[in-house]
Amino acid sequence: MDFNTFKNTVIAKCAELGIADYELYYQAAESTSVSAFQHEINQFTGSTEGGVCFRCIVGGKMGYASTEELSEAAAAAIVARAADNASVLEAEEPVFLGEGGKTYAPVKDTGVTMPATDALIAKVLATQEQIYAANPAVIDGSSTQGIAERSEIAIYNSKGLDLHSETTLTGLVVAAVVTDGKEMANDYQIKLGKLEDIDTEALTKKAAETALGKLGGDVAPTGQYPVVFDPEAMSDLLATFSGIFSAENAQKGLSKLAGKEGTAIASEAVTLVDDPFHPQSPMPQSFDAEGTPAYTKNVIEKGQFKTLLHNLKTAAVAGVETTGNASKAGYASPVGIRPFTFYIAPGEITEEELLAKAGNGVYINSLGGLHAGANPVSGDFSLQSAGFMIENGKKTTAVKSFTVAGNFYDVLKNITAAASNLELPGMASYGSPSVLVEGLSIAGK
Amino acid sequence: MISREICQRVLRKAVSTGADYAEIFAENTVNHTINMIASKVDSINDTVIAGAAVRVYKGLRSVMATTVDTTESGLLACAEKAAEALGQGTAQIDIVLKERLFGDIHPVKVCPVSVENKEKVAILKEGYFAAREYDPCIAQVRGTLLDVDHNILIASTEGLYAQDRQIRTRMMIDAVAEKNGETQTGGCRPGRRMGLEMFETISPKATGEHAAKQAVTMVSAGYCPAGVMPVAIDNGFGGVIFHEACGHSLEASSVAYGRSQFAGKLGEKIANEKVTAIDDGTIPNAWGSINIDDEGTPAQKNVLIEKGVLKSYMIDKFNGRRMGMASTGNSRRQSYAYTPTSRMTNTYIAPGEDKNEDIIASIEYGLYAKEMGGGSVNPVTGEFNFSVNEGYIVRNGKICEPVRGASLVGKGSEIIQNIDMVGTQLDMGQGMCGSSSGSVPTNVGQPLIRVSQITVGGR
């Protein structure tokens with residue numbers, strides 16, 4: 001049964017049970033992934049997936065139920081399950097179904113289409129040859145993956161919301177494994193975009209060179225240092241702690257930013273932007289998961305905290321307008337909050353000038369163990385790192401197997417400068433230029 | 001679910017272009033999660049996952065296609081897609097499926113899907129309020145009761161037609177303590193491959209109290225000093241250190257491709273002779289246990305390292321082909337939408353002979369990691385990172401003040417050489433392990449161990 005037939009079955013079932021306020025959120029995707037190992041394709045995956053999340057307001061509470069099975073029986077079952085789930089809920093916050101906006105900013109067509117399987121295979125095999133050609137130290141564990149996905153979202157509710165969006169993304173993942181005969185090191189690079197536009201030579205070279213940079217290297221000496229995070233490391237750190245900007249966390253006592261709007265929470269060098277339409281985003285969005293029109297906003301402007309990120313519920317609790325940041329982790333997830341493309345705005349100096357400012361310190365270009373070594377509530381982190389020593393304003397010896405420790409709330413205040421080299425790595429969900437942070441603890445030898 | 005006759009027709013279609021192996025994996029899973037925050041039942045996630053995957057192999061190539069349409073026509077279309085992607089050729093295989101019953105070594109007394117929300121909420125509240133009311137400085141508590149009813153069917157051209165029903169239950173309580181503007185968290189997350197009778201042996205109240213006590217202890221703790229020092233890691237979730245530092249590098253998904261620090265080292269001494277490590281999917285009712293793996297191979301008890309010598313890897317069928325080795329019953333996937341690969345089940349360091357008091361007494365200055373948080377590893381290099389959720393300084397052989405914010409970093413191949421004392425009391429902790437085939441339930445475990453030296457990150 002297709003989504004429309006399923007939707008009509010659910011509408012009829014709601015009418016029968018007297019459920020007046022309800023919503024269907026449908027997500028479906030068709031994807032292809034191809035991997036090459038050594039000189040041939042070793043894995044191919046073609047998937048079609050999708051599911052429907054139904055939610056309804058019963059007795060002032062919002063009940064949810066989801067299914068991947070689209071049938072008449074499943075339609076009746078999710079309505080009954082959601083209503084039953086609503087009946088045991090106790091949270092007293094108001095619940096809402098979105099009514100949408102009058103207008104939605106148009107989303108620019110990324111021009112990406114689903115590639116033919118043959119074309120994707122050819123691209124992956126050619127890139128795999130380039131990874132071997134990139135450097136003689138590249139060994140046989142290296143691999144290349146091509147991905148393509150067309151996904152659609154539909155939201156339909158009893159308030160008259162009826163939205164639909166479709167996006168297609170394609171990209172390449174290059175994994176380089178290198179050896180110097182004594183030890184191995186590796187690196188992954190992801191690049192999204194039109195397959196024909198991806199500079200695979202630059203991509204494979206970067207993977208090989210980054211992996212090579214991890215070979216050898218000293219353990220950094222223990223102490224307090226100024227630290228320069230490169231764009232990727234700082235983007236990772238921002239992603240890990242982005243939950244502190246969620247109004248939901250603030251209202252539940254899980255973020256220290258509650259009530260801090262209008263005050264300085266960061267140094268003047270920090271401007272933090274949330275942009276649903278960033279040109280590098282593979283999935284620009286004109287509406288959020290509640291159907292609210294999406295828009296670009298500064299969350300921090302020159303150190304001043306402008307706003308938490310809101311959905312309809314948290315906005316009502318706080319007595320403000322939603323910022324259009326309702327989101328669902330998957331189609332079946334409850335509505336939460338997250339940014340779109342979230343990045344620290346670039347500064348005006350080059351990275352070289354930033355290093356000169358640092359004087360003597362540590363340059364970090366790789367952070368590991370982010371899901372374990374960082375506490376998103378307290379802001380504390382202690383993370384496995386790799387990078388270079390900075391001596392007299394220049395990158396010198398490679399260092400690895402050390403940790404950098406600090407607190408993210410303090411990092412925001414101690415960013416003394418941001419360089420101009422903004423990057424949005426990977427899925428372009430988070431981004432940053434290189435930044436200089438005063439006084440972090442390095443634990444090594 | 002899907003009849004033998006339909007499976008036969010779908011498999012015939014799957015091998016029609018010359019595959020030498022084909023398999024159907026079909027699934028119907030109910031995931032049910034009740035969440036509490038701010039002392040109220042806040043949300044319920046209630047999801048049915050239903051779909052199927054068809055995989056075909058030809059030599060060292062594998063193709064997988066997935067579908068949410070599990071009717072015969074949907075499955076045939078999925079098989080055709082897989083066959084087409086494999087290339088051109090003709091069928092070489094006769095397919096006769098015989099039903100096989102592996103039995104169930106994990107009895108379930110109270111099936112969660114048959115229990116009303118109200119009853120589950122009452123169990124969750126017992127754990128939740130035990131944490132909430134533990135101490136005045138507990139500022140927030142999050143509580144979750146989750147149950148999973150995972151029904152799988154596997155049919156393959158080797159003649160296999162088997163089904164399994166995997167039921168799991170877990171309670172997760174996370175407490176936040178606040179004092180003088182500082183916040184710290186504590187958690188307790190027990191789970192079993194059982195129904196709700198799990199709470200006859202695991203007390204919800206003790207679960208909540210454990211989480212709260214940890215948060216309260218840590219909020220008064222100072223920061224852990226940084227440096228290289230000996231560390232005693234306690235039993236239970238402390239086993240995450242073996243899981244991350246070595247376990248992932250012993251999975252065929254790394255070893256088969258030469259992307260592991262332990263590739264090509266079978267029979268060699270890779271660890272301290274005090275270390276015997278085991279992966280055992282057959283422990284009755286344990287969180288990481290299975291009857292059959294996701295390729296239909298029965299679960300096994302595999303000795304990975306015996307007295308320091310590497311004895312076995314954890315292998316799935318597809319990577320086993322490249323290695324020329326048989327499956328060890330370790331093929332796992334989060335759902336039909338993920339390509340299965342070799343994964344851990346219940347992985348632990350076996351008990352040794354050192355007394356706990358001797359281990360602590362042997363440390364002049366170091367860290368006692370009472371409870372570990374999560375961790376991660378790069379299997380290629382073996383470099384790992386763990387957080388210590390509850391740690392104490394050890395001075396002159398005595399456990400002293402608590403310290404927060406500690407992490408342990410190092411290299412797997414080095415740390416297993418440095419495990420030089422192993423206690424006698426094995427205990428396990430539960431986790432969800434994330435990797436290329438998704439998130440799967442795994443147990444980690446060990447007795448109290450001593451690592452003679454490791455880099456402790458702190459400040």
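I began with a rule: a polar contact is a pair of N or O atoms within 3.5 Å; within protein, one must be able to donate a hydrogen and the other to accept it, and residues adjacent in sequence count only if both atoms are side-chain atoms. By this rule I found 31 residue pairs in polar contact between chain B and chain A, both residues at pLDDT 80 or more.

I noted that strand 2 (residues 40-58) of chain B gives the largest share, eleven residues, of the side of chain B that touches chain A; strands are DSSP runs (E, at least two residues), numbered from the N terminus.

I noted the sources. This is a predicted model, in which local features need pLDDT of at least 70, side-chain atom pairs count only at pLDDT 80 or more, and totals for chains, interfaces and linings use all residues. Residues are numbered from 1 along each chain as its sequence is written, chains are lettered from A and ligands numbered from 1 in the order in which they are written, and side-chain values use heavy atoms, without hydrogens and water.

I looked up the salt bridges (a side-chain nitrogen of Lys or Arg within 4 Å of a carboxyl oxygen of Asp or Glu). Five cross the interface of chain B and chain A; one of them joins Lys252(A) and Asp42(B) at 3.6 Å, N to O.

I then turned to the sheet. Six strands of chain B form an open sheet with mixed pairing, in the order 13-12-11-16-23-22; strands pair if DSSP finds at least two bridges between them. Strand 13 (309-310) and strand 22 (427-435) of chain B are at the edges with a single partner strand each, so one side of each has no neighbour in the sheet.

Note on methods: Helix = DSSP H or I, 4+ residues; strand = E, 2+ residues; numbered from the N terminus.
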